[in-house]
Amino acid sequence: MKLLSTAFLLFSALLPTVYAHGFVGQVAIDGKWYAGNVPGDDNPGESPIRQISDIGPVKGASNQDLRCGLSAQKASMVVNANPGSKYSIQWSGGAGQKWPHNTGPLMTYMASCGSTSCDQYDPDGDTKWFKIDQLGKESDGSTWYQQDVMQGDAYTITLPSNLSPGGYLIRHEIIALHLATSMGGAEFYPSCTQVMIGGNGNGQPNGTVAFPGAYSDSDPGIYDPNVYDPGSPYVFPGGPLSNLVATDGTMSNGQSSSAAFPSGTAAPSASPHASSTAGGASPSAQPTSSSSQSGGAQCRLQRRDTSGLQPRHYSRIMRRLLHHTGFGSS
Ligand SMILES: *[C@@H]1O[C@H](CO)[C@@H](O)[C@H](O)[C@H]1NC(C)=O
Ligand SMILES: [Cu+2]
């Protein structure tokens, strides 16, 4: 008996701790991809994506890390974009891993860096964020689009068409709700990309929010006891969309499961440095280049092209079956 329990304790201690979390690994402006730095990497390379300290979540609606992610550092690049530019996001679950969660919304906000260059700008309590996009469940009322992210898809939006010129942070976020049946269980994964908007727009947001401040731990879209009920309605947190709104949200095949990120020491081809030099990004760092050519794998949010999607729907159904029979992971 004694021996047995000792053996059990020893075995438990040896079980690996599973960190099922992630970060925005890459972003693209009008199809040009920029790698982000691995969280906590001591040797950050050139990137417009602010580096965070860890792939773990921001917890708690009053956490200042809700602005740009865990201990986010200013990034070295500010990339040019325009009103109506395509902005693409590739989530990662860590080196070589896909994003691990499938429950909860994708949200995107922007904020002006004011007269400060965005690579020098520290968002604070006065930073005025306006919501440009929010994406929840698919038309079946149960499957979250985050499921597509978990399968490796990249997400692309068209930036608001009337943005005034200047420097902005684009704050894209997943709120993972797999633990949201408990108050405080929601996991926030914000990420900021530094852009310089050109053109001659003149739009001003009609409403802005602060981070922290926009969310409360008791918001129905953050503490959601019904989150696993099929068809349960979802109330997005953070108020209404701005008048400056992104359009054409699209999931498309991301890169294969192979790592696009340097793990520890940088692999030259996929290094963040590579993408800052002209044409330097490797094919593996360009998630959509192959899928956009192969066609068929794209899925518009309203009008899905089902021709290339059979395996995905199939696996989704399988996953649900497994879940309902108790074999799926929680
Ligand atoms: C801003 O405009 C949008 C679109 O017209 C509207 O849905 C939203 O309620 C407005 N927000 C505020 C704070 O007035
Ligand atoms: Cu996680």
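Tutor: One term before we start: a cavity here is a set of grid points where a 1.4 Å probe fits but cannot get out, and a residue lines the cavity if it has an atom within 4 Å of a point. Also keep in mind that this is a predicted model.

Student: OK, how many cavities of 30 Å³ or more does the structure hold?
Tutor: There are 2 of them.

Student: Which residues line the second largest cavity?
Tutor: The lining is F23, V24, G36, N37, P39, I49, R50, Q51, I52 and S191. By class, that's 5 nonpolar, 4 polar and 1 charged. The space inside comes to about 60 Å³.

Student: Switching to cysteines. How many disulfides are there?
Tutor: The count is 2. One joins C68 to C192, with an S to S distance of 2.0 Å. The other is between C113 and C118, whose sulfur atoms are 1.9 Å apart.

Student: Where do C68 and C192 sit in the chain?
Tutor: C68 is in the loop between β2 and β3, while C192 is in strand β9. They are 124 residues apart, so this pair links distant parts of the chain.

Student: Are C68 and C192 buried or exposed?
Tutor: Both are buried. C113 and C118 are buried too.

Student: And what's the handedness of the C68 and C192 link?
Tutor: Left-handed, with -85 degrees about the S-S bond.

Student: Why is the C113 and C118 disulfide right-handed?
Tutor: Because the torsion about its S-S bond is about 105 degrees.

Student: What pattern do the disulfides follow?
Tutor: Counting bonded cysteines along the chain, the pattern is 1-4, 2-3.

Technical notes: Residues numbered from 1 in each chain as written. Chains lettered and ligands numbered in written order. Predicted model: local features only at pLDDT ≥ 70, side-chain atom pairs only at ≥ 80, totals over all residues. Heavy atoms only, no water. Disulfide = S-S within 2.5 Å. Helix = DSSP H or I, 4+ residues; strand = E, 2+ residues; numbered from the N terminus. Buried < 20%, exposed > 50% of the residue type's maximum accessible area, 1.4 Å probe, protein only. 1 Å grid on protein atoms, 1.4 Å probe; cavity = no way out; pocket = protein on both sides within 12 Å on 5 of 7 lines; lining within 4 Å. Points joined across faces, edges and corners; volume = space filled by probe spheres on them. Nonpolar A, V, L, I, M, F, W, Y, C, P; charged D, E, K, R; others polar.
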